Amino acid sequence: MAKKKKKKKKYHAFWVFAKVQLVLFLVVLGAAGYYFFGGYASEVGELKTEAERLVKNSTSDTFRGHQTSVVYAADGSVISTLKESRDAYYLESDDIPSDAKAAIVSIEDKKFYRHDGVDYWALLRAVKAMVENGKITQGGSTITMQLARNVFISQERTWQRKVEEIFIARSMEQKYTKDQILEFYLNNIYFGNGYYGIESASRGYFNRGAEELSLSQIAFLCAIPNNPTLYDPVTNMDNTLARRDRILSNMQEDGKISAVDYADAIMEQIALERPAAEQKNDYVETYAYYCATRALMEQQGFVFQYEFDSDEDEAEYDAAYDEMYTACQKQLYTGGYQIYTSLDLTLQEELQGAVDDTLAGFTEKNEEGVYMLQASAVCIDNDNGYVRAIVGGRTQNFAGYTLNRAYQSYRQPGSAIKPLTVYTPLFERNYSPESMTVDEPIEDGPKNSNGSYLGEVTLRVAIEKSINTVAWRMYEQLTPEVGLSYLEKMHFARLDPEDYRPASSLGGFTNGVSSLEMASAYAAIANDGLFRQPTCIVKILDASENEIYVSAQQEQEVYKQNAARMMTDVLRGVFVNGTARGLGLETMPCAGKTGTTNDQKDGWMVGYTRYYTTSVWVGYDMPQKLSDLMGNTYPGKIWQSFMEQAHEGKEILDFLPYAKISEEYMLPQGNEEAGEGTQEGWDEEGVFEENPAGMPEAPEATPENPSGTPENPSGTPENPSGTPENPSGTPENPSGTPENPAGTPENPSGTPENPAGTPENPSGTPENPAGTPENPPGTPEDLTQENAG
């Protein structure tokens with residue numbers, strides 16, 4: 001009986017196998033019929049001819065070096081050159097460690113020595129998986145096909161490219177030996193961080209030749225090429241180690257290493273030892289490469305996405321992003337591009353100097369030798385939206401460190417978020433700086449930092465003093481969905497479903513925000529509510545000096561113009577009467593906001609003039625309290641120091657005024673009789689209706705009335721704009737007059753009355769996501785931040 005069951009089971013397995021093969025055969029037959037009878041036969045024939053021509057004309061030199069790309073600063077000076085070292089570090093087959101050959105074959109192409117360049121069953125499995133899953137889940141590419149793609153054709157995901165790849169692979173197998181193909185492959189595959197080939201990667205990650213590496217180190221390197229972003233050992237060491245272990249397991253199963261070798265290699269600790277010359281601790285370079293890679297992605301048709309319907313959609317997008325980013329990053333090192341940026345190396349030096357000088361007294365380092373107290377800062381040109389300077393941390397030169405916190409780290413913004421999600425949106429809804437509200441305790445809500453409440457106050461005072469209760473109550477009325485929609489429009493990358501709650505009005509986010517995001521958002525307010533995606537890439541030329549990419553810098557309206565100008569007017573007072581008092585600039589009008597998070601773990605200062613917007617963050621990579629860290633201490637000092645230097649010799653420019661609405665039309669604030677969500681202009685669901693009951697619109701700025709002020713429109717006969725007596729056209733405060741150059745009657749000189757000067761594991765990474773138990777994203781009971789803003 002047992003034998004019959006076993007026999008029956010054996011026959012059942014056979015028929016399952018036979019049915020699978022039949023399905024695969026029918027898929028192939030159907031595909032062949034579709035292409036030939038669908039009119040694609042001639043196109044396929046042309047691809048075959050082209051593939052044969054490419055291989056026929058190739059030599060061993062075809063698989064050596066490529067052209068050098070150059071990155072230029074705004075003034076035309078060279079920032080850096082990007083040249084992969086394939087030629088200098090090319091290894092002949094006999095010099096490539098046998099373990100490297102065995103490792104790459106075991107993980108990438110087990111049938112390498114048996115197929116003719118194409119593993120047809122692997123391709124069929126990939127097609128079958130695609131049919132079953134509705135998307136590509138398996139590659140099916142052999143080592144020869146990957147080499148064909150890397151050397152001869154583009155990275156486009158089209159059927160034509162795949163067919164040509166197959167023809168090239170078959171032709172290569174006819175012209176070159178297996179040993180040659182494996183030699184070409186191991187010298188051409190990309191190992192991340194600009195390293196092409198096994199020798200280049202060995203020297204780049206371990207500072208020694210490949211022949212000196214251990215079995216474990218070789219398997220570790222061979223883990224990277226499958227997805228150099230996902231398995232980047234500098235930023236994703238755990239992922240690289242997990243794939244190393246899988247490779248070692250495969251090698252043991254294939255009989256390439258013994259059980260003892262396997263056990264020893266698994267237990268070996270991997271430590272990177274990158275040579276000093278390879279340390280990209282230059283924040284200008286890392287950001288320029290990042291922006292250039294994304295520019296090439298855009299040029300090749302990739303559509304960036306910031307909102308997703310489900311976790312599955314986001315995961316699918318992330319996979320496509322990583323694949324395209326890796327492909328374009330490779331091109332950056334080999335394409336011979338001329339990359340022109342907006343980066344101003346003088347401003348960069350001044351911003352870096354302000355960070356380093358302000359934090360010079362904090363010398364404590366972690367076990368990796370990284371300064372524990374850190375900072376990041378970004379300066380954006382308000383005239384065009386380009387990034388002019390970016391600092392991702394304090395200056396240090398040591399091995400294996402590439403983190404640029406300015407765009408790679410995410411931290412809690414504290415009250416610096418209020419103008420973006422609460423108050424400017426309110427100013428679009430017929431609220432004004434002088435609208436009244438009530439500062440009073442909120443049951444189960446936040447507390448004010450000093451434990452006191454002011455009663456009736458204007459919104460202007462609430463913003464200047466950074467009053468938590470007012471922001472919370474107004475945000476509840478506005479709704480988190482409406483407030484965060486403004487951040488969505490400005491492409492804040494780490495918003496989470498859990499953020500749509502009142503706590504986010506005070507900066508309580510799940511993941512946090514970056515300095516780059518904060519700078520670009522405040523720059524939108526400075527730009528009359530028009531947002532521009534931050535970048536430092538102006539244009540890219542190919543090796544033939546053809547323009548292949550020009551930054552459009554398209555503007556998207558996020559805030560209404562008058563609301564943005566109102567916000568600017570209020571934020572000027574933060575430097576005079578509010579939390580940043582004494583941090584204003586000596587002669588240049590400025591506006592801004594401070595932020596301080598729970599237990600003083602993060603400090604922010606974000607502010608702008610007509611010329612520049614600059615954001616500054618200070619805190620520990622592993623969030624912890626610093627007793628005197630507030631927005632107006634170290635971040636404020638850095639901001640003021642840099643902005644004073646950045647504006648030296650510049651003409652004084654005042655902000656444009658906002659159009660004031662007649663007081664009889666202003667909505668009462670804190671009016672309990674109106675009822676939440678039922679004030680004039682708000683429906684029962686708390687959604688604001690534009691221009692309710694035919695209320696008069698605020699006048700827009702026109703050529704005849706550029707300032708848009710109804711009381712004293714610039715350019716009227718009574719007060720022509722630009723006359724010597726009143727250059728700004730506003731009688732109350734003529735900006736730029738000798739008597740009051742700063743244009744602020746309360747503090748005309750702008751001198752500091754209270755200058756600040758009191759004495760790696762990036763936030764948001766998997767190891768330490770912002771909002772961990774050490775720094776929770778602000779529950780109502782613990783939202784007493786702001787101390788001084």
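Which backbone oxygen does the side chain of Ser69 reach, and at what distance? The side chain reaches the backbone oxygen of Leu332, at 2.7 Å. The views below come from a predicted model, in which local features need pLDDT of at least 70 and side-chain atom pairs count only at pLDDT 80 or more, while totals for chains, interfaces and linings use all residues. Residues are numbered from 1 along each chain as its sequence is written, and side-chain values use heavy atoms, leaving out hydrogens and water.

View 1. Ser69 counts as buried because its relative accessibility is 0% (buried means under 20% relative accessible area, with a 1.4 Å probe and protein chains only).

**View 2. Helix H19 and its packing.** Within H19 (residues 480–489), the buried residues include Pro480, Gly483, Leu484 and Tyr486. The buried residues of this helix pack against helix H16 (418–427) and helix H18 (468–478). Look after H19 for His491, which has a positive phi near 60 degrees.

**View 3. His647 and its surroundings.** His647 sits in the segment that comes after helix H22 (634–646). With 7% relative accessibility, His647 counts as buried. Its contacts beyond four places in sequence are Leu585, Met588, Thr609, Tyr611 and Tyr612. For Tyr611, the C-alpha to C-alpha distance to His647 is 8.1 Å, across 36 residues in sequence.

Definitions and conventions. Helix = DSSP H or I, 4+ residues; strand = E, 2+ residues; numbered from the N terminus. Buried < 20%, exposed > 50% of the residue type's maximum accessible area, 1.4 Å probe, protein only. Contact = heavy atoms within 4.5 Å. Polar contact = N/O pair within 3.5 Å; in protein donor to acceptor, adjacent residues only side chain to side chain.
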